[in-house]
Amino acid sequence: MLKLTVMVEPLHVLDLSLDEIVRFVEGLGERPFRGRQLFSALHNRRVRSFTEITDLPKAFRALLVERATLRTLALEARYFSTDGTRRYLFRTRDGHPVETVFIPEARRDTICFSSQAGCALACAFCLTAQLGLKRSLTAGEIVEQIICALNDVYGEAGDVPHGTNLVAMGAGEPLLALDSLLKALRIMAAPEGLHIVPRRVTVSTAGVVPRIRQLAEVKDRPHLAVSLSAPTDELRDRLMPINRRWPLAELLAACRDFQRSLRPGERLTFEYVMLSGVNDADEQARQLARLLNRHQLRAKVNLIPHNPAEPLPYRPSPDERIESFRRILEAKGIPTFVRRPRGRDIFAACGQLAARHLTEASLSS
Ligand code: SAH
């Protein structure tokens, strides 16, 4: 008889919601409560091997090892910044880089995760663009980044003392990986698991207009930040090619629609990377204020000092320039903040994720 061997990817259990895990477990002939036990071992205690889930019967653990996996990301490198930030560089099973950044903060830690391996958007000031798009990540690959970062910092099963905020601001355009992203957020929100609710999550987009409207309709949606970085189409076309597809008027109209879904006290955020001599003049601050006010956007603005991204030809705006820009926006009634860069020395800051390996020499320089 002819025997065919088919290589199938093992089922990644971190891809499954609580309901799906229960069904999967039932399919293996177990009772539903075993599914709930498994889910809480994976997501609440953050156990990283089936054999260590000792509240499950031994035979069932053995069956899980045969039928599924809970590891799809291999840790390739880990870098520590002098400011406490940690950058992880993982590889997917099919060989693509995934980067995650853990940022300790006084009140609550932030984990910045990637939604895609590489990125298709080709923003002129961002290093990730140089990788090009490999593919969108799966929900499980997103969840696994957060579990691995928490385990690295607090130990497996370790308590996370003051909770975690998540930002989808790593590599990739999260709204182009929307299905995976929303599924990952649902999995992570479960009280039986990580219990990181969407209110603690911010998704940043370069401006995928139809998906902004789609996100507005999602029940229990995360916060939204929109990367603007230019007050005119002429400049934004050059810096962010996505603007040629969805120019500022369309983008801001979508933001205006999104605003209707805001909860009390919630604000939309605009991000603006400060590039010396390119988009940081006082006149550009006034243009930006007019633009936001014209569209009746009650948003706040985060100014992001440009992070060094050799070989890209940009320089960060001097502090006085950023301050002057900030004051003009504030004077026009727009709350404006300057985002302090974290993890620059290990290539972990905004726009620096390019799967870089650092040597001892480059770390100390
Ligand atoms: N693709 C999404 C998610 C990435 S978030 C987006 O564009 O919003 C990363 C943030 O870092 C974005 O606001 C982006 O504009 C900003 N950024 C990119 N390159 C940067 C750089 N070199 N220095 C500072 N910020 C940068």
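This is a predicted model: local features need pLDDT of at least 70, side-chain atom pairs count only at pLDDT 80 or more; totals for chains, interfaces and linings use all residues.
The domain assignment divides the chain into domain 1, residues 11-69, and domain 2, residues 74-364. Taken over C-alpha atoms, the centres of the two domains lie 33 Å apart. Contact between them involves 18 residues of domain 1 and 24 residues of domain 2. About 1600 Å² is buried between the domains, and carbon and sulfur atoms give 51% of this area. On the side of domain 1, the residues that lose the most area to domain 2 are His43, Arg46 and Arg48, which together account for 42% of what that side buries.

Two elements, α1 (18-27) and α2 (32-43), each give two or more residues to the side of domain 1 that touches domain 2. The largest share of that side comes from α2, with 4 residues. By residue class, the side of domain 1 that touches domain 2 divides into 6 nonpolar, 6 polar and 6 charged residues. The interface count also includes 2 salt bridges. Glu20 forms a salt bridge with Lys183, and their closest N and O atoms are 2.7 Å apart.

Leaving out residues up to four places away in sequence, Leu56 touches Arg34, Gln37, Leu38, Arg61 and Leu64.

His96 sits in the loop between β4 (86-91) and β5 (97-103). Because its relative accessibility is 19%, and buried means under 20%, His96 counts as buried. Outside its sequence neighbours up to four places away, His96 touches Phe90, Arg91, Ala117, Lys134 and Arg135.

The side chains of Asp94 and Arg135 meet at 2.8 Å, N to O. This pair links distant parts of the chain, with Asp94 in the loop between β4 and β5 and Arg135 in strand β8 (residues 133-136), 41 residues apart. Asp94 is partly exposed at 43% relative accessibility, and Arg135 is partly exposed at 22%.

A salt bridge also joins Arg78 and Asp152, whose closest N and O atoms are 2.5 Å apart. Here strand β3 (residues 74-80) supplies Arg78 and helix α4 (residues 139-154) supplies Asp152, and the two residues are 74 residues apart. Both count as partly exposed, Arg78 at 38% and Asp152 at 25% relative accessibility.

In a further salt bridge, Arg339 and Glu271 meet at 3.1 Å, N to O. Arg339 lies in the loop between β14 (336-338) and α12 (360-364) and Glu271 in strand β12 (residues 269-274), so the pair ties together parts that are 68 residues apart in sequence. Arg339 is partly exposed, with a relative accessible area of 21%, whereas Glu271 is buried at 4%. Finally, salt bridges with shared partners join Glu323, Arg326, Arg327 and Glu330 into one network.

How values were computed: Residues are numbered from 1 along each chain as its sequence is written. Side-chain values use heavy atoms; hydrogens and water are left out. Domain bounds come from an automatic or database domain assignment. Contact means heavy atoms within 4.5 Å. Buried area is the accessible area (1.4 Å probe) that two parts lose on being put together, summed over both. A salt bridge is a side-chain nitrogen of Lys or Arg within 4 Å of a carboxyl oxygen of Asp or Glu. Ala, Val, Leu, Ile, Met, Phe, Trp, Tyr, Cys and Pro count as nonpolar, Asp, Glu, Lys and Arg as charged, and the others, Gly among them, as polar. Buried means under 20% relative accessible area, exposed over 50%, partly exposed in between (1.4 Å probe, protein chains only).
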